[in-house]
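Let's take a friendly look at how two chains meet and where open space is left around them. Keep the structure in view as you read.

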Amino acid sequence: MDKTYHISSYCQIKNSSISLDGKLLFSSPIQEFQPFIKSAAQHLNTNYSKFYKMDNLSKLAFLAADILLKNAELDSNTEHNIAIVLSNKASSLDTDRTYQTSISDPDNFFPSPSVFVYTLPNICIGEISIKHQLHSENCFFIFDSFNADHLWINAQSLLRQQKAEKVLCGWVDFDDKNYEAFLYLVEENGIIAHNPNEIKRLFKTWQT
Amino acid sequence: MADLRQELKEKIIEQLNLEEFTVADIADDDALFGDGLGLDSIDALELIVMMDKDYGIQLTDPKEGKEIFKSIAVLADYITDNRAK
């Protein structure tokens, strides 16, 4: 008989609020993303100096993933095979624009290496993997809108083929002043069934 | 020289996003890389850009950079001797 998989936890970040499994974890009156995410990271004891060097997309993905993976209380002495499947609409456009600005004036041409390294969306997966020592399968998809079916198929495939013990999935999007993260962890244990309808339900609950 | 050392500390903290440091935390002889401020290879590239942009110094030899970025004191001495801006 095929194994069944579940969503063991999910984290949402939007509109200056962070929730874990539907319960409010942190909220701030600060509307601007950068001071909000900084205060959130400090409040949640992220304790990771490299966090402040990341671009906006990576900060968003990293914090949501960090909350989920800390909540999972993984044994730090054991290597964990947690695959990562993320998606968004804007790719790395926010950082691409910043970089473009730095190279648009031929008389003031000083491209920033620390900005350039974030001009790919999947760099945020690297940041998560470095912090949590994950040497696992990963991919980043670009869609017009949240695609629960595609995320479900990929997570199921990784788990059934035993390419991973758990899969960290979701949507992490940053463009201009708009941002949203919806990440969830899929594994054998859990209460919420892992299927497209449940994924859509959790995502839509957060949208309303 | 003291002013330049202060200026470099402020620039490094701001441009390399060293949120956990203040100017007072950085001694003139502290190692910038390794066990000191813990800067990495991307930070080194950012420092090379800063040298060009703010002081008109173009570093082309990686070995030279390794010595120049040893500490704030060494960096300030090098800038004083070679700056074009």
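A polar contact is a pair of N or O atoms within 3.5 Å; within protein, one must be able to donate a hydrogen and the other to accept it, and residues adjacent in sequence count only if both atoms are side-chain atoms. Between chain A and chain B, six residue pairs are in polar contact, both residues at pLDDT 80 or more. This is a predicted model, in which local features need pLDDT of at least 70, side-chain atom pairs count only at pLDDT 80 or more, and totals for chains, interfaces and linings use all residues. Residues are numbered from 1 along each chain as its sequence is written, chains are lettered from A in the order in which they are written, and side-chain values use heavy atoms, leaving out hydrogens and water.

**Where the chains meet**
- Chain A brings eleven residues to the contact and chain B brings 13 residues, where contact means heavy atoms within 4.5 Å.
- There are three salt bridges between chain A and chain B (a side-chain nitrogen of Lys or Arg within 4 Å of a carboxyl oxygen of Asp or Glu).
- Lys38(A) and Glu19(B) form a salt bridge through their side chains, at 2.7 Å from N to O.

**The largest pocket**
- A pocket is an open set of points on a 1 Å grid over the protein atoms alone, where a 1.4 Å probe fits, with protein on both sides within 12 Å along at least five of seven lines; lining residues have an atom within 4 Å of a point.
- The largest pocket is lined by 50 residues, and those nearest its centre include Lys53(A) and Asn17(B).
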